[in-house]
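Thanks for coming. I will take one structure and go through its charges, its interface and a few local details. Please have it open while I talk.

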Amino acid sequence: MTTSDTGAAFDTACGVTDDGGALIDLQAVTKVYPAGRLEYPALRGIDLRIDPGEMVAVVGPSGSGKSTVLNLITGIDRPSTGSVRVDGHDLNGMSEEQLAAWRGQRVGIVFQFFQLLPTLTALENATLPLDFARIGSKKERAARAAHNLELVGLGDKLERVPSELSGGEQQRVAIARALACQPTLLVGDEPTGNLDSETALQMFELLAKLNAGGMTVLYVTHDLDLAARAQRTVTIRDGRITSTGSP
Amino acid sequence: MTALGRKSWGDLRRRRARTVFTIVTISFAVAGLWLFAMPPLMDRAMQQRIAEDRLHDIRIPTSDVVLDQADLTALRGVPGVEALQARTLYDTEIVDGESRRDVLLVGIPDWRDQQVNVVLVDVGHEPGVDEVVTDRMNGRTDRYRGDIGDEVVLADRQGRPRSFTVSARGDTMLFSQLVAGEEAVLYAPQDRVNELAELDGVNSVEVRVEEGANAADVAAAVQRRLEELAPGVTLTDIADVRSGESWPGEEIFDNYTVLFYVGAFLALISALVLISNTMTTMVTEQRREIAAMKAIGGQRRQIRRSFLRTALYLGVAGTVLGVGLGIPFANLVLGFIGEQFFGVTVEWGVPLSTVVISVVVGIGATALAALPALRRAARTSVRSGFEAGFSAGRDDAIDRTLRRVPLPPATRVGLRNVTRRRTRSLATMLQITLALGIAIGFLALGATVADVTAATWDTVTFDIVLGQRSTSALDERAGEIIRSTDGVATAEPVLVNTIEVDGTQYEAFGLPGGSALSEPDLAAGRWLQPADDSGTHDVVVIGRALAAIADLDLGDTVRAQTAGGPADLEVVGIDRRLLNDGTGIYLPLSTFQKVLRRTDTNVYWVVAADQDEAGIENLATSLEERLTAAGYPVGTEVHHIEKAANLESNRVLVAVLAVMAVPIVLIGMIGLLNAMTMNVIERTRDIGVVRCIGASSRAVKRIFRVEALAIAAVGSVIGVPVGYLIGRLLAWLVTDLFHYGSVPFTFPWPAIAFTVAATLALAWLVVIGPVRRAVRLQSGVALRYE
């Protein structure tokens, strides 16, 4: 069974509709977080549209709501108000189970702190989404994961555990994992935040390469140089989008 | 409160589940300590009861002797006598259609002026001419279920039914105990009892001695005076002299409480392991905070004190809860034991000494268990603390081995997670090992006791015991009647009486030389032989427990006190069997008759030709009827019925022991729940991550279930041999306490397999709560979890 087969089955199950071409469509979205006895409004009403194949950087100062936008787009968080449609799915209407399954198959997420499972090898970490989605046989999954690790330059470190890899290498494993199910959308929350500048550049070039192959790439960064390399930059300040356009 | 003080308080509120588990665990251990309250409470209850009952200090069983008021006054005038009462005790039967039940009828000379062994009436009125008072233990032990207003039919000496009405319920310390072990008890006017028993006088003289008087001396003096007043009176058994403030069954109770103490100690050890584990976890997860405190000037002792304060809060809370649990626990267990085995109602009590022990141990032991964690907190350097994260994977031999094993993905993750927090996993395995080991140990002890008891009963080769009732001993004519009864294969006369050795009374058996019905298992020496009947000196074979207690060996001379006076007996054999708990005394029938100055016997052992149980019971009934009709009223004991009753009684005891093991097993399970809750909490972010990459809630649950099961499985595997060792230790303790010597040890594999399976099942269930909580979190909340 291929990713596209499972993807189609998933779409049917979740009631996919046509969004007029947009891959990501946020409308009047707000997000308020409880903080002890207080409430913190992370987003104060944003509208955002991203088309397939775009490479978009989300920038803004600390606490502006950048990561919140990503979390809403990936279904990690739910909006307080407004609608979030991604890949034809209304995320509000999906249960946690459905979101988990959808993410595993359609969205690749790269975290700032890698978030690899420490007791699994690089190959096993990269295979995990395929295992969860039950795509292909064991051999096929391992082969695909190995291919992805090869793609990110770690073909000779399949059996290393995360503690035996450098920060950059761990992040590459994380990218390989994110690519496991051939997602339509790759999302990175400060994907180069913990890397040195040279490694960060290598990482970005990898993302650009994936984008060139047709994958939609969305990443949060505080690095303006990296932001400048995107096709479009969305600036968020105090929970509002203040500008969106080419860098 | 200082900031550090608030921190200690905050530590508790931070991980509420863990705090609750730890407090509950400490409370279980403290509650277990309340087993130490049982001896003083039991002693208090017994002393109170002794005072209320006016329990005798001396009881002299006599042949039928007529004592008028002047005689009684003379006996009461013996120096040292505070109170004296004489009564008739009559062994008879309750007739209920076809069935008959043994009952002791206790005569009350003057209901309103009871001097010794007072019958305390719960409800009802004193009995009239055709009325009786039923002992309240009768109904509780199913000996006799009649109540006020019911008719009860008793057999007189000729076996004729005589009808009475129950007028009241009451009890006495002395006679109520018989209900627990032997027969029903009813109380009736003395005259009525004599009428049924066809006796003229009394056969039991009961004395309370003045404070400070020597009971043994007073007993001897009363006996001498009795012989002066009633020449020809004989003792039918050795006088029962109670020493000091002792109470009936005290030694056995003390022996069993040792087992309870062992249980409490084991519970405490289990709890300490869990507390240590909890505190270590707390310190580990706060390494960054510790580093921060040190970076801003915090000193080691201040940091240690902060965590010690947290531990003490836990200890105080656990102790308070534990005392609250321990009081009802100890009192309920003691109440059950008192009623079931001693026929005594033990009132609830709270000994101050136990409160003090609970507080000192509960709080002190918690602080002690926290010491390793405090040390770790003090030693955490600023740098290592700031570099600390959740534990990474290692790459040692265990991890490499695990990686080679092909497993489904969720199982693979779960199994590898066991090695992630190795110390915690090992500590949890240890708790499960302890819990399971202790449970298995108690199971093995129970199985050993049951098997030894059954094996002991199996050494008895006769089917029926016929025992003399009233004063009609079983002479040769009675023997002829017995042997000529249809269905009797063999019958042997036996003389049963009490012998006192070194101040303690034991049951002795006078057997015909070369008795075919006693198959000894000799540890040393020889059995009784026909030649011993006419031997030049008096010989005896003793049980191995008695040999140990009295430090006797082959060739030693036993200076025994009997109802007929002192006797010197040479030990020629030591019997390994555990009949009479290994304290049996066997001597030639002729020797015992000579010592007791009688020519007859009081018991016959009978072997039935038909070994079918129903056939044996019919034969017993037939023998009883024939003998009673011939003027030899007898009581019967059927071997297979007595065996079943004894085994049932042992099961109750084993159940009580099992109750002791329950808190320990619970502590083990709490330990696992605690550890798994912490694992789930710590890996909440991991849960968020795997949910982000497509894991279903089922997969997440499986990860943690596998981890819990793996920990439980390793703990169980080690727990079985540990249980074997603990079982061996407990069995040795019991046999040592009762001087049994070595006994075959039983390790009940089926029960143990079930226990292991139950442990694994519990481990499966225990993680339901924490994992359910974890998968319910939204991924974003999980990812942000700290």
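Chain B carries 77 positive and 91 negative side chains, and the centres of these two sets are 25 Å apart. Here Lys and Arg count as positive, Asp and Glu as negative, with His and the chain ends not counted. Each charge is placed at NZ of Lys, CZ of Arg, CG of Asp or CD of Glu.

Before going on, the ground rules. This is a predicted model, where local features need pLDDT of at least 70, side-chain atom pairs count only at pLDDT 80 or more, and totals for chains, interfaces and linings use all residues. Residues are numbered from 1 along each chain as its sequence is written, chains are lettered from A and ligands numbered from 1 in the order in which they are written, and side-chain values use heavy atoms, with hydrogens and water left out.

Now chain B as a whole. Along the principal axes, its C-alpha atoms fill a box of roughly 100 × 55 × 55 Å. Of the 786 residues in chain B, 57% are buried. Buried means under 20% relative accessible area, exposed means over 50%, and partly exposed is in between, with a 1.4 Å probe and protein chains only. The accessible surface of chain B is about 32,100 Å², and 56% of that belongs to carbon and sulfur atoms; the areas come from the Shrake-Rupley method with a 1.4 Å probe, and for residues only the protein chains shown count as cover. Taking contacts in chain B between residues at least 6 apart in sequence, 82% join residues at least 24 apart, where contact means heavy atoms within 4.5 Å.

Back to charges, this time in pairs. How many salt bridges does the structure hold over all chains? The total is 32, a salt bridge being a side-chain nitrogen of Lys or Arg within 4 Å of a carboxyl oxygen of Asp or Glu.

The side chains of R49(B) and D53(B) form one, at 2.9 Å from N to O. These residues are 4 apart in helix α3 of chain B, so about one helical turn separates them. R49(B) is buried at 8% relative accessibility, and D53(B) is buried at 0%.

R225(B) pairs with E228(B), again a salt bridge, with the closest N and O atoms 2.9 Å apart. The two are 3 residues apart in helix α8, residues 215-229 of chain B, and therefore about one helical turn apart. R225(B) is partly exposed at 28%, while E228(B) is exposed at 54%.

Next, the interface. In chain A, 29 residues are in contact with 30 residues of chain B. The area buried between the two chains is about 2,800 Å², with 56% from carbon and sulfur atoms; buried area is the accessible area (1.4 Å probe) that two parts lose on being put together, summed over both. P118(A), T119(A) and F132(A) supply 23% of the area that chain A buries against chain B, more than any other three residues. Between the chains there are 3 salt bridges. R691(B) and E97(A) meet in a salt bridge at 2.7 Å, N to O.

Helix α15 of chain B, residues 409-417, has 8 of its 9 residues buried. Their cover includes α4 (122-133) of chain A, along with α14 (397-404) and α23 (697-737) of chain B.

Last, backbone angles. Most residues other than glycine have a negative phi. E190(A), not a glycine, has a positive phi of about 50°. E190(A) sits in the loop between β7 (185-189) and α7 (197-212) of chain A, and is buried at 10% relative accessible area. R54(B) also has a positive phi, near 55°. R54(B) lies in the loop between α3 (38-53) and β1 (58-65) of chain B, and is partly exposed at 28%.
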